[in-house]
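Welcome! Please take a look at the sequence and the 3D structure below before reading on.

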Amino acid sequence: MCNIEAILLVWGVRDEVLEKLPVEGHWLYGEYDFIAKVEFRDEFEMEQFIGQLRRLIHGGTFKLMPVTLSAIKTGDGENETVSVLEDLRVLAP
């Protein structure tokens, strides 16, 4: 079960490094070189992944942005509304 979803952005690395990344994603051409959606069971697993990236990507040219989703339900019956809140917390070396 996935408890944490995050977006990984990588820039300033050679293609050989991108090929070694431990996740599937999309190569980009512009400010960033790579983007991927990654999922973790808990924060410990996410921290291990960050350590793996630091060893692979020398210079720390990546951002891992966990996405927090929550919802607020108000009202009853026909007057019921649901508001979804999204938040990004950037983790960068």
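Here is a short tour of a helix, a core and some salt bridges.

This is a predicted model, in which local features need pLDDT of at least 70 and side-chain atom pairs count only at pLDDT 80 or more, while totals for chains, interfaces and linings use all residues. Residues are numbered from 1 along each chain as its sequence is written, and side-chain values use heavy atoms, leaving out hydrogens and water.

**Helix α2**
- Helix α2 covers residues 43-56; helices (H or I, at least four residues) and strands (E, at least two) are DSSP runs, numbered from the N terminus.
- The buried residues of α2 are Met-46, Phe-49, Ile-50, Gly-51 and Leu-53 (buried means under 20% relative accessible area, exposed over 50%, partly exposed in between, with a 1.4 Å probe and protein chains only).

**Nonpolar core**
- The largest nonpolar core has 19 residues (such a core is a set of buried Ala, Val, Leu, Ile, Met, Phe, Trp, Tyr and Cys residues joined through side-chain atoms within 4.5 Å).
- At least two residues of this core come from each of β1, α1, β3, α2 and β4.

**Salt bridges**
- The whole structure holds 3 salt bridges (a side-chain nitrogen of Lys or Arg within 4 Å of a carboxyl oxygen of Asp or Glu).
- Lys-37 pairs with Glu-5, with the closest N and O atoms 3.7 Å apart.
- Lys-37 lies in strand β3 and Glu-5 in strand β1, so this pair ties together parts that are 32 residues apart in sequence.
- Lys-37 is exposed, at 52% relative accessible area, whereas Glu-5 is partly exposed, at 30%.
- Arg-41 forms a salt bridge with Glu-45.

Key: Expected span 1.5 Å × (residues − 1).
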